[in-house]
Amino acid sequence: MKACGKVHKYGDNVDTDVIIPARYLNTANMEELAQHCMEDIDIDFAKNVKKGDIMVAKANFGCGSSREHAPASIKASGISCVIAKSFARIFYRNAINIGLPIIECEDAAEKIEAGDEVEIDFDTGVITNKTKGESYQGQSFPEFLIKIINANGLLNSLKEN
Amino acid sequence: MGMTMTQKILAAHAGLEKVKAGQLIMADLDLVLGNDVTTPVAINEFNKAGFTDIFNKDKITMVMDHFTPNKDIKAATQCKQCREFACKYDITHYYDVGDVGIEHALLPEKGLVVPGDAVIGADSHTCTYGALGAFSTGVGSTDMCAGMAAGKTWFKVPSAIKFNIVGKLPKYSAAKDVILHIIGMIGVDGALYRSMEFSGEGLKNLTMEDRLCMANMAIEAGAKNGIFAVDEVTKEYLKGRTDREYKVFEADADAEYDEEYTIDLSEIKPTVAFPHLPENARTFDNIPEIKIDQVVIGSCTNGRIEDLRAAAEILKGKKVASNVRCIVIPATQNIYLTAMKEGLLEIFINSGCAVSTPTCGPCLGGHMGILAAGEKAVATTNRNFVGRMGHTESEVYLASPYVAAASAVAGKIAQPSDVM
């Protein structure tokens, strides 16, 4: 499986309150929430994002609340993968459980810039920066998690067992 | 190599003799929690996946606390969905307006968590119950759904950081100051993926409410869970709340820790976490004059009776400054009633505070105290992210009930000694 797209770049400690502000959480409609995704730190994100685009951030991405609306609204906005130096653990878990591809890679998080064209190969964990002509090695998932990801989320994998 | 408290609890729930950090396990759950924001997503997933039953009606709890009393039609619709699901599956511990409290104050009060439990909650502050010597962690709605259906979930066994607590807090220093100090020291990702384990001779000087406050904010250091060693304070707290038998898990003497810190409570000073991260902890030797517009005293961090007593001690016979709106939110109905009987509500109202029914409300910028652009609030809540309590250009300063009450009186960020 591969993802390819243009990069939206953010910094350290992007919290779930800016990914999707709580004032909108009176609905669980993820398409509706996607219209407000990232708006508190990037007002034009929903307008600019295109299907397949990639989000890149630095350390502790998704810190804060447990709201699954955060990865779900990112996914619904069309983002195909989030790359970060590290993820907050609940966000990490939620992303896997709902089938939003994420990958930890310090090198990529540092070097990739906004607007770069990037491709990710999930089988090898290799991230290719087509704009800069560089590649970075991301961390691959343990087998246990690959099973959940391949089953398209936790609930399907539970049902398979 | 020995195991930490958390590792022992996880091993017991996975039916394993031993686990080690990094190991992936399936563990049985003693309690699965959701609120009015996260439960609707879990119910949607439950229905979409075609589940037809829950694992145990006594081990699921739903607490309508975030946008209640319903702030608008959409919030009302979400609560209605939860209520109908709870009714359909006869969920025992469903709490709604009238008997609801803020989940992480309510569940310990009701005796729903005991030492040695494994608890997941679709709310990040589920780590609060570590105060009782349980393994307890926040998850998302899909995890909640799986937990409701199967009564188990997967965990990666965490390593741990040990905090050796010694000494006793000085007057007007609080558990909130301790945890803000710790987060300031290790950072908002200082405990990422790991446990924070609290033990030591100083624990006896921390009440259960102090411990609940500290464990509550373990997530603000990125931790998977915070956990306190079980002692007489724990056992005393549980008396009369539950008749469930429980097992006390102690860390092995040779348990391995990534890092160890000694926290001397006697050195803890009133502390304020500046916008926009809880790690921006400052003591008053490093705080300039900052005029404020609002004070919030409440939340799952600091809305318990001892917090209200602390605030009332400061506010008694004084007036909230004319430039400040001070909102006090007892975290549960029982706390509300106790505060009423003790005359605390009278003190608050006489000093010019608004007193609200239990709700998470302003803490997450939901309702009941939203900030406009440019406004500043001192809050006893747990997060000061951009836009957390309202407009993206508003600011939240996190502090203890003592500091919050003193700030309300002073009209600017102040410590108790400034007004007492």
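**View 1. Strands S8 and S11 of chain B run side by side.** Strand S8 (residues 160-166) of chain B runs parallel to S11(B), and six bridges join the two. Within this pairing, Lys162(B) stands opposite Glu260(B) of S11(B). Strands, here and below, are DSSP runs of E with at least two residues, helices are DSSP runs of H or I with at least four residues, and both are numbered from the N terminus. Two strands count as paired if DSSP finds at least two bridges between them. The structure is a predicted model, in which local features need pLDDT of at least 70 and side-chain atom pairs count only at pLDDT 80 or more, whereas totals for chains, interfaces and linings use all residues. Residues are numbered from 1 along each chain as its sequence is written, while chains are lettered from A and ligands numbered from 1 in the order in which they are written.

**View 2. An open sheet of four strands lies in chain B.** The strand order is S10-S9-S8-S11 (chain B), and the pairing is parallel. Strand S10 (225-228) and strand S11 (259-264) of chain B form the edges, each pairing on one side only. On average, neighbouring strands of this sheet are turned by 20° against each other, direction ignored; axes are lines fitted to C-alpha atoms, and angles run from 0 to 180 degrees between N-to-C directions. For chain B the mean pLDDT, the predictor's confidence in each residue from 0 to 100, is 98, and 100% of the residues reach 70 or more. The model as a whole scores ipTM 0.94 and pTM 0.97.

**View 3. Helix H6 of chain B is largely enclosed by the rest of the structure.** Helix H6 (residues 175-186) of chain B has twelve residues and reaches 17 Å from its first C-alpha to its last. This span is close to the 16 Å expected at 1.5 Å a residue, the expectation being 1.5 Å times one less than the number of residues. Eleven of the twelve residues of H6(B) are buried, among them Val178(B), Leu180(B), His181(B) and Ile186(B). A residue is buried if 20 or more other C-beta atoms, placed from the backbone, lie within 10 Å of its own. Gly187(B) follows H6(B) and has a positive phi, near 90°.

**View 4. Chains A and B meet in a contact.** The contact takes 41 residues from chain B and 37 residues from chain A; two residues are in contact if their C-beta atoms, placed from the backbone, lie within 7 Å. On the side of chain B that touches chain A, the elements giving two or more residues are helix H2 (39-48), helix H3 (73-88) and helix H5 (141-150) of chain B. The largest share of this side, six residues, comes from H5(B).

**View 5. An open sheet of seven strands lies in chain A.** The order is S4-S3-S2-S1-S5-S6-S7 (chain A), with mixed pairing. At the edges are strand S4 (102-104) and strand S7 (134-137) of chain A, each pairing on one side only. Neighbouring strands of this sheet are turned by 25° against each other on average, direction ignored. Strand S1 (residues 2-9) and strand S2 (residues 54-57) of chain A pair in the parallel sense over three bridges, and Met55(A) in S2(A) is the bridge partner of His8(A). Chain A has eight helices and seven strands, and buried residues make up 50% of its 161 residues.
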